[in-house]
Amino acid sequence: MLLTPSEGQWQVGRMQTDTPTLILYSNPWSRGRIARWMLEEVGAPYEVKTVTYAKEMKSAEYLELNPMGKVPTLVHGTSLVTEVAAICAYLADTFPEAALAPTDAERASYYRWLFFAAGPVEAAVSNKSVGWDPSDEQRGRFGYGNFAAVVETLTHAVSQHEFIAGPRFTAADVYVGAQVSWGLQFGTLPKNDQFKAYAGRVMARPAAIRARELDDALSVTLGPPSA
Ligand SMILES: N[C@@H](CCC(=O)N[C@@H](CS)C(=O)NCC(=O)O)C(=O)O
């Protein structure tokens, strides 16, 4: 039994075809934008199924795909991936012709900063955005220490090379770049020169621009999430 979409919905069923298809369950007002950017970088055909907040995201059918009731979710034939950073790494490995997976020389930095962004950066930024940061006494108990430590570390990381794992753009830049760019846009990261320069480099990618235009157009069609 496989998870396969059917007529705009999703269900557990039997695959009708041997051809693997890429289906992104997403919403244009979400981190699903990062997954679409990665799909545009890869260049393989894909389909986007929009999942509305609350109702569809928490439906029994969708929870079978993603028990967190969140977007995005990527279904590729018999494979199902959630977590944006994992989706980026999965697509880079699955489509080696896109040359977005790390070389041996890049691997250490690639994993290091991909995981740093999905763990410490994500936690530090979201906690800070709701007004909380570990105190000096508490910071040893949190994997990210505190917001200032994360910002300092990330600032240094993005300024070591042109891209996060070296002189070449990789899938880690899709995820780290989106985190930095969104942080600048929403004011959840400081607008320092290093973040601005790095965000400028990665967001100028043709695939990033295409993905943004596609999701912007979709968000206009759908209206804001609460509508
Ligand atoms: N850790 C997840 C986070 C996904 C996430 O939080 N998605 C938000 C949208 S940006 C969501 O679906 N929220 C709806 C909800 O939780 O009800 C990932 O990286 O994919």
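Let's start with helix 1 and helix 6, whose axes lie 10 Å apart and which pack at an angle of about 150 degrees. Axes here are lines fitted to C-alpha atoms, for helices over the stretch in contact, and angles run from 0 to 180 degrees between N-to-C directions. Helix 1 is therefore roughly antiparallel to helix 6 (the label for angles over 145 degrees). From helix 1, I34, W37, M38 and E41 make the contact, and from helix 6, A171, V174, Y175 and A178 do; being in contact means C-beta atoms, placed from the backbone, within 7 Å. Helices are DSSP runs of H or I with at least four residues, strands are E runs of at least two, and both are numbered from the N terminus.

A word on the model: it is predicted, so local features need pLDDT of at least 70 and side-chain atom pairs count only at pLDDT 80 or more, while totals for chains, interfaces and linings use all residues. Residues are numbered from 1 along each chain as its sequence is written.

Now zoom out. The chain splits into domain 1 (2–98) and domain 2 (104–207), with bounds from an automatic or database domain assignment. Their centres, taken over C-alpha atoms, are 24 Å apart. Domain 1 puts eleven residues into the contact and domain 2 puts in eight. On the domain 1 side, helix 1 and helix 3 are the elements giving two or more residues, and helix 3 has the largest share, with six.

So what do the buried residues of helix 3 pack against? Their partners are helix 1, strand 5, strand 6, helix 4 and helix 6.

Technical notes: Two residues are in contact if their C-beta atoms, placed from the backbone, lie within 7 Å. Angles under 35 degrees count as roughly parallel, over 145 as roughly antiparallel, 65 to 115 as roughly perpendicular and the rest as oblique.
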